[in-house]
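Here is a brisk report on one structure. It takes up a sheet, then aromatic pairs, then charged side chains.

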Amino acid sequence: MLIKRSVDIPSSEITDEKVYLNRRAFMRAATRAASAVAAGVLGAESLLLAQAAAPHGAKLRKITKSPLSTTEKVNTWQQITTYNNFYEFGSDKDAPAIYAKGLKTAPWSVGIEGEVAKPAIWHLEDILKGRSLEERIYRHRCVEGWSMVIPWVGFPLRDLVKRLQPTARAKFIEFTTLADYAQMPGLRVPTLRWPYVEGLRMDEAMHPLAILAVGLYDEVLPNQNGAPIRLVVPWKYGFKSIKSIVKIRFVEQQPTSSWQISGPGEYGFYANVNPTVEHPRWSQAREVRLPGLFRNRPTLMFNGYGDQVATLYAGMDLRAHF
């Protein structure tokens with residue numbers, strides 16, 4: 001099958017990112033490694049390579065705290081940067097931390113196309129010029145049943161949309177990920193149709209919870225987490241939050257996302273977290289909070305952001321529009 005089912009995880013005590021390689025973290029990693037090897041998911045050697053990931057010292061400045069953040073305990077840097085879905089670098093959870101190290105993220109450009117006042121190629125520094133960066137602590141829920149709490153650093157997507165001046169015909173936004181076969185070994189495997197494509201309805205994109213992230217904790221975004229710029233939509237499953245964006249296209253018709261093409265009966269356009277709609281191959285009713293081992297947390301509608309986003313879908317059949 002296309003996505004490996006991962007173990008589920010409960011909350012754990014937060015560990016300072018500077019001391020994550022302590023005995024306790026190592027023992028947790030060893031436990032996960034033993035389970036993963038038994039399941040045939042990854043080898044001990046690759047796990048140790050992933051464990052080497054660490055803060056690289058590229059600091060972001062003048063970051064404000066967002067009132068939209070959750071108060072839940074945050075996962076550690078090590079957990080967030082060594083357990084990832086980024087199929088361009090491989091389908092195993094540790095593969096991105098190993099193979100994304102060489103990804104060149106500067107200079108970086110994003111093409112602006114479609115129903116927009118001034119189509120152009122924007123450099124990342126121009127996108128970020130004048131942007132006030134915020135720390136947004138969001139729940140991140142994966143369709144496979146695991147979740148984390150991540151301190152993203154970014155700015156509201158709607159701020160960029162307003163600058164780009166979409167026309168009245170623009171009803172959706174389509175995003176495209178980099179597809180560089182020289183840098184991304186996972187592209188050699190036809191897991192999906194490359195490049196990776198995702199989309200949002202315009203009112204979803206304009207919601208204040210949707211952000212473009214450029215950092216993690218107070219540092220520049222690591223490659224395996226979608227550097228240098230990625231989408232974060234916290235009320236949707238993680239695959240909706242597209243990484244390493246190189247194109248933003250404003251369109252009148254609903255775009256078809258990569259996972260819709262791959263499995264139209266399993267992955268809908270909206271991808272809202274909805275525990276009442278089961279994936280055809282597993283239940284979404286409960287989740288595990290990394291680095292735990294058991295699926296012992298009830299999955300919350302809209303990932304717990306229902307009070308903020310439920311009105312976006314008023315009157316919609318969320319089983320038909322999944």
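## Burial in this model

Buried means under 20% relative accessible area, exposed means over 50%, and partly exposed lies in between. Trp-259 has a relative accessible area of 3%, so Trp-259 is buried. Tyr-87 is at 8%, and therefore also counts as buried. The model is predicted.

Strand 2 covers residues 109-114. Strand 2 runs antiparallel to strand 3, and four bridges join the two. A hairpin of five residues connects strand 2 to strand 3. Ser-109 has His-123 of strand 3 as its bridge partner. Ile-112 is partnered by Ala-120 in strand 3. Strand 2 also pairs with strand 11, here in the parallel sense, over four bridges. In strand 11, Ile-248 stands opposite Ile-112. Strands of a sheet pair through backbone hydrogen bonds, either parallel or antiparallel.

## Aromatic pairs

The whole structure contains 11 aromatic pairs. One of them joins Tyr-87 and Trp-259. Their ring centres are 5.7 Å apart, the planes stand at 85°, and the pair is edge-to-face. Tyr-87 sits in the loop between helix 3 and helix 4, while Trp-259 belongs to helix 8 (residues 258-262).

Why is the pair of Phe-239 and Tyr-267 edge-to-face? The planes of these rings stand at 85°, with the centres 5.5 Å apart, so the pair falls in that class; the cut-off for edge-to-face is over 60 degrees. Phe-239 lies in the loop between strand 10 (230-232) and strand 11 (245-251). Tyr-267 lies in the loop between helix 8 and strand 12 (286-289). The two are 28 residues apart. Both Phe-239 and Tyr-267 are buried. Elsewhere, ring pairs link Phe-172, Phe-269, Tyr-270, Phe-302 and Tyr-313 into a cluster.

## Salt bridges

How many salt bridges does the structure hold? There are 21. One of them joins Lys-59 to Asp-218, with the closest N and O atoms 3.5 Å apart. Lys-59 is in the loop between helix 2 (44-51) and strand 1 (64-65). Asp-218 is in the loop between strand 8 (211-216) and strand 9 (219-220). This pair links distant parts of the chain, 159 residues apart. Lys-59 is at 45% relative accessibility, so Lys-59 counts as partly exposed. Asp-218, at 31%, also counts as partly exposed.

Arg-139 forms a salt bridge with Glu-72, and their closest N and O atoms are 2.4 Å apart. Arg-139 is in strand 4 (residues 134-141), whereas Glu-72 is in the loop between strand 1 and helix 3. They are 67 residues apart. Arg-139 counts as buried because its relative accessibility is 16%. Glu-72 is at 22% and so counts as partly exposed. Glu-72 and Arg-139 belong to a network of salt bridges that also links Arg-141, Glu-287, Arg-289 and Arg-297. The side chains of Glu-134 and Arg-136 meet in a salt bridge too, at 2.7 Å from N to O. Glu-134 is buried at 19% relative accessible area. Arg-136 counts as buried at 3%.

## A buried charge without a partner

Is Glu-88 buried or exposed? Glu-88 is buried, yet has no salt bridge. Its nearest side chain of opposite charge is Lys-243, 6.9 Å away.

Glu-88 is found in the loop between helix 3 (77-82) and helix 4 (95-99). Leaving aside residues up to four places away in sequence, Glu-88 touches Thr-177, Leu-178, Met-184, Pro-185, Gly-186, Leu-187, Trp-194 and Tyr-196.

Methods: Residues numbered from 1 in each chain as written. Predicted model: local features only at pLDDT ≥ 70, side-chain atom pairs only at ≥ 80, totals over all residues. Heavy atoms only, no water. Pairing = 2+ DSSP bridges. Buried < 20%, exposed > 50% of the residue type's maximum accessible area, 1.4 Å probe, protein only. Lys, Arg positive; Asp, Glu negative; His and termini not counted. Salt bridge = Lys/Arg side-chain N within 4 Å of Asp/Glu carboxyl O. Contact = heavy atoms within 4.5 Å. Phe/Tyr/Trp six-rings, centres within 6.5 Å; stacked < 30°, edge-to-face > 60°.
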